[in-house]
Amino acid sequence: MRFVILKDISPEAARDRTVKAVFDVLKNIAETQIMDFDISLMQKLRKDDAAFNLAIGKRHDFLQGAISAIMEWMGNEFVGSPAYTHYVCLDKFTTKSLLNSYGIPTPPGALFNGNDFVGDIPTPPLIVKPVAEGSGIGVDSDSLCDNVERAKETAKRKFEKFGEPIMIEKYLSGTELTIGILGYGSELKILPPLEIDFSDLPRGVERFYSQRVKEEYASQTIYRCPANLGEKIYNDVINIAKKTFEVTKARDYLRVDMRLDGGQPYVIEVNSMPGLDPQNSDIPKMVRAMSKDYNWLIKSIVKRSLQTLGV
Ligand SMILES: Nc1ncnc2c1ncn2[C@@H]1O[C@H](COP(=O)(O)OP(=O)(O)O)[C@@H](O)[C@H]1O
Ligand SMILES: [Mg+2]
């Protein structure tokens, strides 16, 4: 077998670093090649190749879903979640409906589709964010609204700006957590919950993970791992994370973002291809808190693929 790491043609710095770091681990397990995800890939791929996708494409092309779908169609082994998981998780309103139908709590929310508001707008405070972005795109200080009229105006403005449906969700002011899960089926490893604490940010900066907080205030954000949770909340968080992994049909690695409200955890977002940047990503932070290294992480992620291929 051979590992093929798929990368964007011109990845941003963190993705590029990730490609190199994953390559350095995989090359010690099997022959490994890095390939750009482009149209020539289908000719280059061998039957015994296992793909490890690190390409995310451009805004709105949902490439991570398409790559899994192509691998499924070609019958190639690949690391990570199936196309289904990516498509369900790339649209936060769809994720919410799926999780709610399985009894997994998410903050109540409505959608502005450009013409109408779908669903009931919850009582304020509200947060207004694009339905299918990541990295805090479209989440800014204006996103937090203390009345319905302002939230509706913000949704209309963001719709014009981002050209996609906009969600209006109940803003949960409690602790922010993110949970990493590795494995497959019933063999799941839940990594220690990571708390993201905004209380040291300068005055006037929003207390949530907006784009500018992610990009400009990382050094003033407190990352606490494991998060300081009581036993009951800890158990609830772990159960919700496991159930989310199961109902989204995820595989190998997943990260579930949550917030607490009144002692109850709610899922805010599910990341079907969470960052693996050894320097800045959350999952590597959790792994370090377990006194394990990046090698251990990548080996855990590819374990199922190797078993499937009988390596
Ligand atoms: N319902 C909510 N209540 C409180 N904070 C929220 C809510 N939705 C989003 N946020 C804040 O905005 C951040 C970014 O939202 P998220 O949906 O995770 O988008 P992204 O894909 O950009 O990470 C979250 O990490 C959280 O801090
Ligand atoms: Mg998020």
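Mentor: With pairing: two strands pair if DSSP finds at least two bridges between them. Helices (H or I, at least four residues) and strands (E, at least two) are DSSP runs, numbered from the N terminus. The model is predicted: local features need pLDDT of at least 70 and side-chain atom pairs 80 or more, while totals for chains, interfaces and linings use all residues. Residues are numbered from 1 along each chain as written, chains are lettered from A and ligands numbered from 1 in written order.

Trainee: In the sheet of four strands, which stand at the edges?

Mentor: The sheet is open, with parallel pairing and the order β2-β1-β3-β4. An edge strand has a single partner, so one of its sides lacks a neighbour in the sheet; that applies to β2 (31–36) and β4 (77–79).

Trainee: At what angle do the axes of α9 and α10 cross?

Mentor: Ile283, Pro284 and Val287 of α9 meet Tyr294, Trp296 and Leu297 of α10. Contact requires C-beta atoms, placed from the backbone, within 7 Å. The axes of α9 (residues 282–289) and α10 (residues 294–308) come within 9 Å and cross at roughly 115°.

Trainee: Which residues of α5 are exposed?

Mentor: Helix α5 spans residues 92–101, and its buried residues are Lys92, Thr95, Lys96 and Leu99. Buried takes 20 or more other C-beta atoms within 10 Å, exposed 12 or fewer, partly exposed the range in between, with C-beta atoms placed from the backbone. The buried residues pack against α4 (83–90), β5 (109–112), β9 (166–170), α8 (231–247) and β15 (264–271). On the other side of α5, the exposed residues are Ser97 and Ser101.

Trainee: In the sheet of five strands, which are the edge strands?

Mentor: This open sheet has antiparallel pairing and the order β6-β5-β9-β7-β8. An edge strand pairs on one side only, as do β6 (117–118) and β8 (144–145).

Trainee: Which residue in β9 is the bridge partner of Val128?

Mentor: Strand β7 (residues 126–130) runs antiparallel to β9, and five bridges join them. Helix α6 (residues 148–162) lies across β5, β7, β8 and β9, at about 10° to β7. In β9, Val128 is bridged to Ile168.

Trainee: What is omega for the cis bond joining Pro124 and Pro125?

Mentor: Pro125 sits in the loop between β6 and β7. Pro226 lies between β13 (222–224) and α8. For Pro124 and Pro125, omega is about 5°.

Trainee: Is Lys249 buried or partly exposed?

Mentor: Lys249 is in the loop between α8 and β14 (252–261). Its phi is positive, near 55°. With 13 other C-beta atoms within 10 Å, Lys249 is partly exposed.

Trainee: And Ser135: what is its positive phi?

Mentor: Ser135 lies in the loop between β7 and β8. Its 14 C-beta neighbours inside 10 Å make Ser135 partly exposed. Although Ser135 is not a glycine, phi is about 60°.

Notes:
Axes are lines fitted to C-alpha atoms, for helices over the stretch in contact, and angles run from 0 to 180 degrees between N-to-C directions. Two residues are in contact if their C-beta atoms, placed from the backbone, lie within 7 Å.
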